[in-house]
Amino acid sequence: MAYALTVADGWVIQPESKTREYKQDLSSPEKAMRAIVAFANSAGGQLVIGVADDGKVVGVDDPLLEQERLTNLIADWVSPQIMLTIELVPLAGVTVVVADVAVSIRRPHLLTKYGKEEGTYIRLAASNRRAGPDTIAELERSAEGVHFDQFPAFRATMDDLDLPMLADMLGRAVDEGTLKTLELVVDDQGYLTPTNAGVLVACPHPERFFSFAYVQCARFRGPTKRDIWDQEEIYGPLPLAVDKVMRFLERNAFKHAEFGDIYRKDVWSIPISPLREIVTNALVHASYSTNGTAIKVAFLDQTIEIESPGGLVPSLTVEDMVQGVSVIRNPAIARVFLEMGLIEKWGTGLPRAIEALIEAGLPAPEFKELPISLRVIVHIKNHDVTPRTSSPENVVTDVVRDVVRDVTVGLTNSERSVLAILRTQGSVPARELASQTSLSDRQAQRILLRLADQGFIKREGSTRYGKWVILDTGGGSHATRVGD
């Protein structure tokens, strides 16, 4: 792999990354050994000796001696033993030593003197991080070719699964054979037992067994996560969470009409299809064995961020992922999503979403590896509701006047949520309106009456089958049926 290094005027072009690290020499052997261990535990990589931290190629004084020293250090410091290639490579008139480390099937590797808990490292972006217990367990499982979602679920019984609900989701009958084929149940000590995947996709309340198996959604005003405008926690089976997350995003986005020669087309202010792909990807590939964090969806003025716990699967890089390389963390969960039509061929969803964002004139999403999660940042049109005098292309002008009015009169979050739904959706039964806002039917009706009293809406027609009409605030009226 040494041929991948490119030099210009004595400096390497490639920066340090998840798969490359530079050391000027081996004067700090422990740091070099951390990199070797982290590469073997993560996605492989190259340790280059003879390049300064700033990328200047300085070479090594005695290449053969340095090669032998590196070989001995790895043998003395690292366990289990790592098989790797160490080459002497001429570069910019000098010689550097390149250790080419492949992803190991014997992971987790560790610094022997510190033991497994303190000496196991993984590669995160361009740094080496000590692995926690959950990560070490996943490294062990992945090396053995087993997955957390296929294990029997601790404390769960068959009574915890809602099989009629699962059959409805799959669109076909569900029997014991189906459950075993989908790896949603296993025979455990003579009893049929749900797997972790079975609980996560077919239990009405999986958070009873996995306390962080839910999605936190929030709409923040401004560029930071300080001023919460709207929020919702989404519980229940993972496949049903996709639509619930999208409803949350839609109720905080806006929709306007575009007219062609004949037909009207409703256009959202956010990229619905790509976001759906990214949300689905997060639900399928999150680490549900990781304690302490839920999946998070944050809607800010200019970005929507989807963060899933567990980070990248061992052996995968961001570059691999965006090109469609598929390493499935939860194959049983993915199989259910596939059968439901929530995903297509594995590995195609993310590249398709990126392509759709670019075609829509938006930047490609950003991917950030964090210590215990992976964050995808989708750039959107500016949804800042603060009045401004800047050019129209920087503001969602179709609805900003309405939203500013909502803020200035001091509506509650529930009232703003109901008003947003009425503005952005077509025919909405009252019971569905209540379910979308976590309100009871009675509460939703009271809010509608309060909005009418404040001059935002008026009723046209009968109480049961009439229409609530949003009054003209400068952007036109929109009729919305909210009767049964």
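Predicted model: local features only at pLDDT ≥ 70, side-chain atom pairs only at ≥ 80, totals over all residues.
Colleague: What is a salt bridge, and where do K180 and E176 lie?

Modeller: A salt bridge is a side-chain nitrogen of Lys or Arg within 4 Å of a carboxyl oxygen of Asp or Glu. Both K180 and E176 belong to helix α6 (residues 176–181), 4 residues apart, which is about one turn of the helix. Helices (H or I, at least four residues) and strands (E, at least two) are DSSP runs, numbered from the N terminus.

Colleague: How many salt bridges does a search of the whole structure find?

Modeller: The search finds 21 salt bridges. One of them joins R335 and E339, whose closest N and O atoms are 3.3 Å apart. These two residues are 4 residues apart in helix α11 (residues 331–339), so about one helical turn separates them. R335 is partly exposed at 31% relative accessibility, and E339 is partly exposed at 29%. Another salt bridge links R221 with D227, the closest N and O atoms being 3.9 Å apart. Here R221 has 29% relative accessibility and counts as partly exposed, while D227 is partly exposed with a relative accessible area of 37%.

Colleague: Which residues are linked in a network of salt bridges?

Modeller: The network consists of K225, E305, E307 and R375.

Colleague: How should I read a sheet, and what is the order of the open sheet of 6 strands?

Modeller: Two strands pair if DSSP finds at least two bridges between them. The open sheet of 6 strands runs in the order β14-β13-β17-β18-β20-β19, and its pairing is mixed. Its edge strands, β14 (227–234) and β19 (366–370), each pair on one side only. From one strand to the next, the twist averages 15°. Axes are lines fitted to C-alpha atoms, for helices over the stretch in contact, and angles run from 0 to 180 degrees between N-to-C directions.

Colleague: Which helix packs on this sheet?

Modeller: Helix α8 (residues 238–251) packs on the sheet and touches β13 (215–221), β14, β17 (295–299) and β18. Contact means heavy atoms within 4.5 Å. The direction of α8 makes about 160° with that of β14. Within the sheet, β18 (residues 303–309) and β20 (residues 373–379) pair in the antiparallel sense over 7 bridges, and T303 stands opposite H379 in β20.

Colleague: What is the order of the open sheet of 4 strands?

Modeller: The order is β3-β4-β7-β6, again with mixed pairing. Its edge strands are β3 (20–23) and β6 (84–91), each pairing on one side only. The twist averages 20° from one strand to the next. Helix α2 (residues 63–77) packs on this sheet, touching β4, β6 and β7, and its direction makes about 155° with that of β6. Strands β4 (residues 45–49) and β7 (residues 94–101) pair in the antiparallel sense over 5 bridges, with G45 opposite V101 in β7.

Colleague: How many aromatic pairs are there?

Modeller: Rings of Phe, Tyr and Trp (its six-membered ring) pair if their centres lie within 6.5 Å; planes under 30 degrees apart count as stacked, over 60 as edge-to-face and the rest as tilted. By this rule there are 2 aromatic pairs. F148 and F210 form an edge-to-face pair, 5.8 Å centre to centre with 75° between the planes. F148 lies in the loop between α4 (133–144) and α5 (163–170), and F210 in the loop between α7 (196–202) and β13, 62 residues apart. Both F148 and F210 are buried.

Colleague: How do Y214 and Y235 pair?

Modeller: Y214 and Y235 are stacked, with 4.8 Å centre to centre and 20° between the planes. Y214 lies in the loop between α7 and β13 and Y235 in the loop between β14 and α8, so the pair ties together parts that are 21 residues apart in sequence. Y214 is buried, with a relative accessible area of 11%, whereas Y235 is partly exposed at 33% relative accessibility.

How values were computed. Residues numbered from 1 in each chain as written. Heavy atoms only, no water. Buried < 20%, exposed > 50% of the residue type's maximum accessible area, 1.4 Å probe, protein only.
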